[in-house]
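Morning, everyone. I'll take a few minutes to walk through one model, so please bring it up on your screens.

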Amino acid sequence: MLSVFVWWLAAVAIGLVVTPMALWIFRNLPDRGYAFARPLGLIVVGYLFWIGGTSGLLHNTRVAIIFVMLLVGFLSAYLVRRKAVDLRQFWADSRRTVIVTEILFLLALSLFALFRAYNPDISGTEKPMELAFINAILRSDTFPPLDPWLSGFAISYYYFGYLMMAMLTRLTGLASDITFNLSLSLLFAMTLTGAYGLVYNMVALTERSRRKTEREGRPSTPLLYGLLGSLFIAIIGNLEAIFEVLHCNGLGSDAFWRWLDIKNLITAPASQKWYPTDMWWWWRASRVVHDRNALGQSIEVIDEFPCFSFVLGDCHPHVLALPFAFLALALALNVLAGRRESGKELEGSEGLSWLMRVLLEPPLAVLSWALILGSLGFLNTWDLPTYLAVFMLAYAVRRYWQDGRLSWNWLMDVLTLGLVLLVLGVVLYLPFYIGFRSQAGGIGLVILAKTRLHQYLIMFGLFIWVIVGLGVTLVRRRLAASLSAEFWVIGGVAIVLAAGFAYLGWWLLVMLTVMLGAGLILVWWLVGQAAQGKRAKASSAKTLELWSLSAQPDSVAPLVFALILALMGLLLTFSVEFIFLKDIFNSRMNTVFKFYYQAWVLLGLASAYGAYWLLSSGQVGRTLGSRIARGIWAAGFVVLLVASLAYPALAPYSKAGGFAGEPTLDGTAHLARHRQADYDAIQWLRANVGGAPTILEAPGPQYSEYALVSTHTGFPTMLGWGGHELQWRGNYDEPGKREPVIDTIYRDANWRQAKTLVEEYGVDYIYVGQLEREKYQLPPQAIRKFEYFMDLVYDQGGVQIYRRR
């Protein structure tokens, strides 16, 4: 398809203009950050385009986007000219990595576009809202963009991802009906390459250290485990699909299915085939965690994972932000794997104040960190605290390795940089925060609801298996003989807490507490051993060794990073058992949703590296007992991996209707089939009405067909989905005031009153279609009143459009 090629070309161009920047920012990584060039390009180009449009210096045009890309290209050329980046040397060293990354990106983009072509409809769930945002941004001359569902207001939501997709839409000249599906394809491709790049770099760093000590390691190993990282993050599902297959074949007793308690699974019908065939059966995989109140009544909880999100096809902020999470994590790995960003250690730094030590970080480095990390708040605000915390943990470990000891200066250095990045990240995106309103209402306590262990393992079973295997191997191999007082304290606290949770019957918390305690001990020990090894090397003493690696920071950095990711992922899932962010739902539903999604990314990456460590790094013992244990673990790993592949094997086929329809990327083609009159009217509006006039149409409940015109044109309407406005703004004051006004304009036969209200709210067009007639039961005189103060500019197929004189 030509549209796929044009979209791919635009993505390549966005990545190329910032490639020198990526090579400079991620200079400590083996691939120099090439796998993250595209998301970096979208942030840099998107940020400059947005800030230019917000300040009024630029307008929302293709010329402005090209101007920004040329500006970024000049900045990249400056880096090359100053010889901060040697492109020829990079190509000579990394040709294979570049080719594999580009092949993976192209295949992912093309294949996912093909999948979307068999289920392209922009209808149901959150898709109308997302298309409305993209179209509203395209209609906005400057920023912040117009709210398509509350005329006169700007969007009050994290919309940076939508702006990026709208920017690419304007750049390519393709219709948003098509680029909506291409945006999902781009996000899928960048997610795969981002996960691949991160795991590739972690494994490549370890293999580089091994070659220095043992002259071992194969060049293909990082590539293979990088692909495993892509598989873990974006392709596999949780284990729920296996239970779908068992249930639809009539296996398992009623008692078993009641105990399993996956929402709505026990009432699912039997199938005539060996796999489930009931409508949207794959949806149940996002409702594995099933809370109940004291009366046993069901409480909604969401536990999405990336594969589900891509099958569903919602272009929501948690999906839009996904590729940029890998960019932020790559930044953390880059800091952990390198020396201070100035490129040299600070001699005599012990005598410097903590403030001076922070100021010695190169300003461009700190600015790039703040730009990347700060973008997460604009993309999906939930992501900012988590990935900033991972970055600061990586920075704290690196600073400790540089200083060789814990000190007041070390602590203040870390805290000060964290504060600087947070403040700078907010300041860079300040126009967004000024206009942002939220439904968040503080922290709530989770009292009765506790996730059941078996449901948690259905969600994260494969990852837990790998992480437990890695932890047991590390503890058994070296840790037992090296315990100090600090380790006994951590272990003692973990054991006491686990015992308390066991007494209460909270077995998931028992498992998580033990894993968190063991993980914290392992990180503490590894970081300390690496610091000790560095001191020994500096004093020409005998170098310590950890397994087949020298006990040096560069050698153990990937393993420490994997453990940090695992700890953060486990901590996120641990926290939702006690607290949640209050919202209009007044439950932990959204908090579980957002934290579990982040945990999937963190645990998936840690597990991909953990699988490498256990299977290919040569770190497992060679005794008979070790071989037996490794065989048992490997067998369990294969079984769980195959079970996790059941979801991607079955769900996309079901969602795409068995790939039996006529393929198209036009997400509005379904309108032409089911609402031909509205479709024709929308096409007329697009072709004949410019700018962003306000159009009045019937508002409706969430996830309905209402707000059809504003969704597909981007024209702001007085009110669209009122429930979503409540979620975005935290109150229903303005929408509640408008509902009776709209009712009066449509129903009341008094044309003078209608005219007064139309003028008060700046309505330029009034739309009268099937939905309006059905909702308001409009008699002929109620429609004819518009002719007294408006012109009838469209009248076909039962749809009338009036324009104010």
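Let's start at Trp-280. At 33% relative accessibility, Trp-280 is partly exposed. The cut-offs matter here: under 20% is buried, over 50% is exposed, and partly exposed is what lies in between. Keep in mind that this is a predicted model.

What is the backbone doing at Trp-280? Phi is positive, about 60°, although Trp-280 is not a glycine. The residue sits in the loop between α10 (254-260) and β1 (291-292).

Is each end buried or exposed? Arg-287 is buried, at 9% relative accessible area. Glu-300 is partly exposed, at 27%.

Next pair: Glu-577 and Arg-588. Their closest N and O atoms are 3.2 Å apart, and they form a salt bridge. Glu-577 lies in the loop between α22 and β6 (579-581), and Arg-588 lies in the loop between β6 and α23, so this bridge ties together parts eleven residues apart in sequence. Glu-577 has a relative accessible area of 0%, so it is buried. Arg-588 is buried as well, at 4%.

Take α22 first, residues 553-575. Its 23 residues reach 30 Å from first C-alpha to last, close to the 33 Å expected at 1.5 Å a residue. There is a bend of about 25° at Leu-559. How enclosed is α22? Of its 23 residues, 21 are buried, so the rest of the structure largely encloses it.

Now α23, residues 589-615. This helix has 27 residues and reaches 37 Å from first C-alpha to last, close to the expected 39 Å. It is mostly covered, with 26 of the 27 residues buried.

Glu-734 and Arg-738 both lie in α30 (residues 733-747), four residues apart, about one turn of the helix. Glu-734 and Arg-738 form a salt bridge, with the closest N and O atoms 2.9 Å apart. Both residues are buried. There is also a network: Asp-147, Glu-725 and Arg-729 are joined by salt bridges that share partners. Across the whole structure, the search finds 23 salt bridges.

A quick stop at Leu-757, in helix α31 (residues 751-760). Leu-757 is buried, with 14% relative accessible area. Its C-alpha is separated by 8.7 Å from that of Ile-742, which is 15 residues away along the chain.

On to the sheet. In what order do the four strands run? The order is β7-β8-β10-β9, in an open sheet with mixed pairing. β7 (695-696) and β9 stand at the edges with a single partner strand each, so one side of each has no neighbour in the sheet.

Look at β10, residues 799-804. Four bridges join it to β8 (residues 765-768), and the two run antiparallel. In that pairing, Tyr-767 stands opposite Ile-801. Asp-795 is opposite Gln-800, and Gln-796 is opposite Val-799. Two residues lie between the strands of this hairpin, and one of them, Gly-797, takes a positive phi near 60°.

Another positive phi, near 50°, turns up at Gln-777, again not a glycine. Gln-777 lies in the loop between α32 (770-776) and α33 (780-784). At 59% relative accessibility, it counts as exposed.

Two last items. A cis peptide bond joins Phe-143 and Pro-144, with omega about 10°. Pro-144 is in the loop between α5 (127-139) and α6 (160-172).

And the surface. Which residues make the nonpolar patch of about 580 Å²? They are Trp-91, Ile-99, Ile-103, Leu-107, Leu-111 and Leu-114. Ile-103 lies in helix α4 (residues 87-117) and is partly exposed, at 47%.

That's my tour. Over to you.

Key: Residues are numbered from 1 along each chain as its sequence is written. This is a predicted model: local features need pLDDT of at least 70, side-chain atom pairs count only at pLDDT 80 or more; totals for chains, interfaces and linings use all residues. Side-chain values use heavy atoms; hydrogens and water are left out. Two strands pair if DSSP finds at least two bridges between them. The expected span of a helix is 1.5 Å times one less than its number of residues. The bend at a residue is the angle between axes fitted to the seven residues ending there and the seven starting there. Buried means under 20% relative accessible area, exposed over 50%, partly exposed in between (1.4 Å probe, protein chains only). Patches are made of residues with over 30% relative accessible area and no salt bridge: like charges are joined within 9 Å, nonpolar side chains (Val, Leu, Ile, Met, Phe, Trp, Tyr) within 5 Å. Accessible areas come from the Shrake-Rupley method with a 1.4 Å probe; for residues, only the protein chains shown count as cover. A salt bridge is a side-chain nitrogen of Lys or Arg within 4 Å of a carboxyl oxygen of Asp or Glu.
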